[in-house]
Amino acid sequence: MIKQAIGLCAIGILSAACSSKPSAGKQENELSMLVGTYTSGSSKGIYTFRFNEETGIATPLSEVALSNPSYLTLSADGKFVYAVSEEDGASSAVNAFVFDQEKGTLQLLNSQPTEGSSPCYVSTDGKKVLTANYGGGSMSVFTVQSNGSLAKIDTLFLGAATGPDSERQGAAHVHCATFSPDGNYIFATDFSADRLLQYAVHEKEEKPRPLSATVDIAPGSGPRHITFSPNGKFAYLINELSGKVIAFSYADGRLNEIQTITADTVRAKGSADIHLSPDGKYLYASNRLKEDGLAIFEVNSETGTLAKVGYQLTGIHPRNFNITPNGKYLLVACRDSNVIQVFERDPITGLLTDTKQDIVVDKPVCIQFAE
């Protein structure tokens, strides 16, 4: 097995990262890749790589020290990175960085408290940044300033705890907050209330407006992450507790359920992440706690419905995964195996083959690409 180990360099807390090796600049077929981690072990924070989407080889570039950057996202132009610090209390924060794709370096712009503990998800439309605060049971909203930094929190929306699972839904948890593909709405997964919260985004209104309508999910489901199809016509929700994927049609802020199908057949109550291939033909959903791996579904392009075509075992605790923009590789952050597994995708069948080109990172959690 080929192990792609990351090179470490001495850095200060929240300083700009130093490069692990001289950089010749991005070449053809190379992507910038960022990895967020948990820092309770040997990990320093965020790691950057150059990833060749033809060979599947990752080259380490830089690192920046940041406490528990478990989830991060990039601006559409790739110039800015927003990463959470998944901490409790006053240490809970979202951090804005300038990103140099050629060198792979990150320079901190500023940090803002989320005012909700354990932020575990972050997204942006270029104007606003959203964090889903798992422990705080809330969604925070920040305005992006002209230099990419973040203004202080201007809105805090709260979830609820009405689900029947007293152990897992005993307190409010919001796990994901993201923009609709048309940019006019926000959807947040209210994990402990088994529903999706909805907000309207208007160009002339500074703050998102909460809508009274919610998308109700079967009690005890634990909605976690939602993703939209490339054409914007369908949405897919992975539910952590039920282990089921719900397919919706989508139009002008309205989600209408069209199918429910099981991803976690062993009822481990640990379903985590969900993504579509760039061509929209296959959907993947990760499961943890038992039979850790990815459920693979074929997507009917006309109806949006799913048919299960396979299951790929992975390392331990596949918290997050991502697919390269060309669709050739699927990378899995196996948190408790301390590796990122690199799988090659068959574009015809959707099935995966382990390339044995593991990238060694302590407690990897989130993978993002920038072209």
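Trainee: How many disulfides does the structure hold?

Mentor: The structure holds 0 disulfides, and since this is a predicted model, that count describes the prediction.

Trainee: Switching to pockets, what volume does the largest pocket have?

Mentor: The largest pocket has a volume of about 1300 Å³, and of the 43 residues that line this pocket, Thr73, Thr227, His275, Asn322 and Gln368 are the closest to its centre.

Trainee: Which strands supply at least two residues each to that lining?

Mentor: The strands that each supply at least two residues of the lining of the largest pocket are β5, β9 (119–124), β13 (174–179), β18 (223–228), β22 (271–276), β26 (318–323) and β31 (364–370).

Trainee: How do the lining residues divide into nonpolar, polar and charged?

Mentor: In the largest pocket, 19 of the lining residues are nonpolar, 20 are polar and 4 are charged.

Trainee: OK, and how much space lies in the second largest pocket?

Mentor: The second largest pocket holds about 320 Å³ of space, and 16 residues line this pocket, with Asp125, Gly183, Val201, His202 and Glu203 the closest to its centre. By class, its lining has 5 nonpolar, 4 polar and 7 charged residues.

Trainee: Back to β5 for a moment: in what order do the strands of its open sheet run?

Mentor: The order is β5-β6-β7-β8, an open sheet of 4 strands with antiparallel pairing, in which β5 (72–74) and β8 (105–113) are the edge strands, each pairing on one side only. From one strand to the next, the twist averages 20 degrees.

Trainee: Over how many bridges do β7 and β8 pair?

Mentor: Strand β7, residues 93–100, pairs with β8 over 8 bridges in the antiparallel sense.

Trainee: Which residue in β8 stands opposite Ala93?

Mentor: Pro113 in β8 stands opposite Ala93. As for what holds such an arrangement together, strands of a sheet pair through backbone hydrogen bonds, either parallel or antiparallel.

Notes: Residues are numbered from 1 along each chain as its sequence is written. This is a predicted model: local features need pLDDT of at least 70, side-chain atom pairs count only at pLDDT 80 or more; totals for chains, interfaces and linings use all residues. Side-chain values use heavy atoms; hydrogens and water are left out. Two strands pair if DSSP finds at least two bridges between them. Axes are lines fitted to C-alpha atoms, for helices over the stretch in contact, and angles run from 0 to 180 degrees between N-to-C directions. On a 1 Å grid over the protein atoms alone, a cavity is a set of points where a 1.4 Å probe fits but cannot get out, and a pocket is an open set with protein on both sides within 12 Å along at least five of seven lines; lining residues have an atom within 4 Å of a point. Grid points are joined across faces, edges and corners, and a volume is the space filled by probe spheres set on the points. Ala, Val, Leu, Ile, Met, Phe, Trp, Tyr, Cys and Pro count as nonpolar, Asp, Glu, Lys and Arg as charged, and the others, Gly among them, as polar. A disulfide is a pair of cysteine sulfur atoms within 2.5 Å.
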